[in-house]
Amino acid sequence: LSKIEIKKMKLQTSLASLNKFTKMMTSSFHSLAEERDIRLNFTEEEKDINIYFDVAKLHKIISNLLSNALKFTLAGGKVEIIVSTQLNKGRNRRMAEITVRDTGIGISADQLPHVFDRFYQVDSSDTRRFEGTGIGLALTKELVELHHGDIMVKSKKDMGTEFIVHLPLGKDHLTENEITDANVEVKQPIYDFEDSSPNLESESLKSQKVVSKIAPMILVVEDNQDMRQYIGESLYDVYNLIEAEDGEQGFNQAIKHLPDLIISDVMMPGMDGFELTKKLKEDIRTSHIPVILLTAKAGDESKIKGLETGADAYVNKPFNTKELLVRAKNLVKQREKLRGKFEKNITIDPSEVTVTSIDEDFLRMAVNIVEKHIDNNEFSVEQFSAEMLMSRNSLYRKLKKLINQSTSQFIRTIRLKRAAQLIKQKNAPIGEIAYMVGFEKPSYFTECFKKQFGVLPTEYGGD
Ligand code: ATP
Ligand code: MG
């Protein structure tokens, strides 16, 4: 992750509950804490702290601090995360405060000023065994500052460490472009957790028409049965169909089956089509799935624009089935193309293969993590998913749906892409490059390289 990349990062905030967000982030670390026999507590000293923040970026900030705290605390210790608001003396104003405090090994006074430097790691036998690159805190600081906030550290050797993040209240410090949807009230948790999948045992699958295992799957969300059938008729000989009767059920089905497309009515009891779309687009598990909304009146369109639901297409009722079929086909094809693009391009630009910003963030994070470990041939799927804060299964499903690769394929692809770039620059022998990108055996590297790019590394030079 270069300085330039950080400069390019844009802040995309919306108003959301800091309490909820921090709480759910803490819970995603519980199993790790338990594994290490460390108590992990979340405390809200103040309720309902609603501030403008960038979800993906604050996610990185908090996960860096929590993973450090857990990494540098021994078994039997304690890690606390506290949210409140405090007067920031330097700025003479109240700010939201996130404190991450541990009873770990601490940092000595002479080393403390350097912890935010890139690649800095306290060099003692205590810490050497902990893997990492020393970039976490440098990035954390950049991200806090991007939010117009501050980060401080206090620590005593062998006693513990405390990181304090201050973030501004209100939105005077933000430009219009930095506020994504000013009307959003409180964001749902979007990142994925081991146990957050809704319990679907009781969910009845109204009908499931299986065309073939490889045909794309479409989920139809519609409360009216006749309408559901009408929609189904136009699609069922090309697609695998699943159905849901309302938004709630639709969301659960989407999580469970990860369909290739969702067609939803707008008007439904309970969660309507707008809310459903929003929820789907804000959830990392489903954010890549295109959505077609069926709207009742042509006049609704202006209303829809204002709402910015994030739907990919709208079809007005009444519609003919052909129109719907064409729309569906196009969207499914478009996503297929994007999936293929990742494999073919040598350079990795997450914005080119994703449609939503949350997918872009996801992929960027995934690429960054693999690149961080690129010369480590033991970097595993387990470690990868832990750093992504996702279960192995969710990470696998997401990568598969987003870019059509398994997790281990993805790791290998990034390694090979980096190798191709290095070969192009011609600044090291092939055997050395193989090693630099985490291949132990040059022969295996050559084999994988040939499979990926169609030529041997020694033949590789052009595009
Ligand atoms: P990375 O985050 O890139 O995987 P890292 O955790 O070693 O690697 P940073 O997060 O940047 O790097 O932290 C830099 C250094 O600061 C760490 O290597 C460690 O020595 C020290 N450090 C950070 N947090 C703590 C903490 N909570 N307790 C003790 N030392 C810490
Ligand atoms: Mg770290």
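**Notes on the model**

1. Let's begin at the ligand. Around ligand 1 there are 20 residues, and Asn 68, Lys 71, Asp 102, Gln 121 and Leu 137 come nearest; a residue is near a molecule if one of its heavy atoms lies within 4 Å of it. Please keep in mind that this is a predicted model, where local features need pLDDT of at least 70 and side-chain atom pairs count only at pLDDT 80 or more, while totals for chains, interfaces and linings use all residues. Residues are numbered from 1 along each chain as its sequence is written, chains are lettered from A and ligands numbered from 1 in the order in which they are written, and side-chain values use heavy atoms, with hydrogens and water left out.

2. Which side chains make polar contacts with the ligand? A polar contact here is a pair of N or O atoms within 3.5 Å; within protein, one must be able to donate a hydrogen and the other to accept it, and residues adjacent in sequence count only if both atoms are side-chain atoms. An N or O atom in the side chain of Lys 71 is 2.8 Å from an oxygen of ligand 1. Ligand 1 taken alone exposes 590 Å², of which the protein buries 96% (accessible areas by the Shrake-Rupley method with a 1.4 Å probe; for residues, only the protein chains shown count as cover).

3. Helix H4 (55-71), helix H6 (136-146) and strand S7 (160-168) each give at least two residues to the shell around ligand 1, and H4 has the largest share, with three. Helices (H or I, at least four residues) and strands (E, at least two) are DSSP runs, numbered from the N terminus.

4. Now to helix H7 (residues 225-235), where Met 227, Arg 228, Ile 231, Gly 232, Ser 234 and Leu 235 are buried (under 20% relative accessible area; exposed is over 50%, partly exposed in between, with a 1.4 Å probe and protein chains only). Viewed down the axis of H7, these buried residues fall within an arc of 160°, so they line one face of the helix; the arc is that of the directions from the helix axis to the C-beta atoms. The face turned away from the buried side carries the exposed residues Gln 225 and Asp 226.

5. What do the buried residues of H7 pack against? Their partners are strands S9 (217-221), S10 (240-244), S11 (261-265) and S12 (291-295), together with helix H11 (321-344); contact means heavy atoms within 4.5 Å. Asn 224 caps the N-terminal end of H7, with a side-chain oxygen 2.8 Å from the backbone nitrogen of Asp 226.

6. Helix H9 (residues 273-282) is mostly covered, with seven of its 10 residues buried. Among them are Phe 274, Leu 276 and Leu 280. At its start, a side-chain oxygen of Asp 272 comes within 3.1 Å of the backbone nitrogen of Phe 274.

7. Thr 286 sits in the loop between H9 and S12. Is Thr 286 buried or exposed? Thr 286 is buried, with a relative accessible area of 0%. A polar atom of its side chain lies 2.7 Å from the backbone oxygen of Leu 280.

8. Overall, the protein chain has 18 helices and 13 strands, and buried residues make up 51% of its 463 residues.
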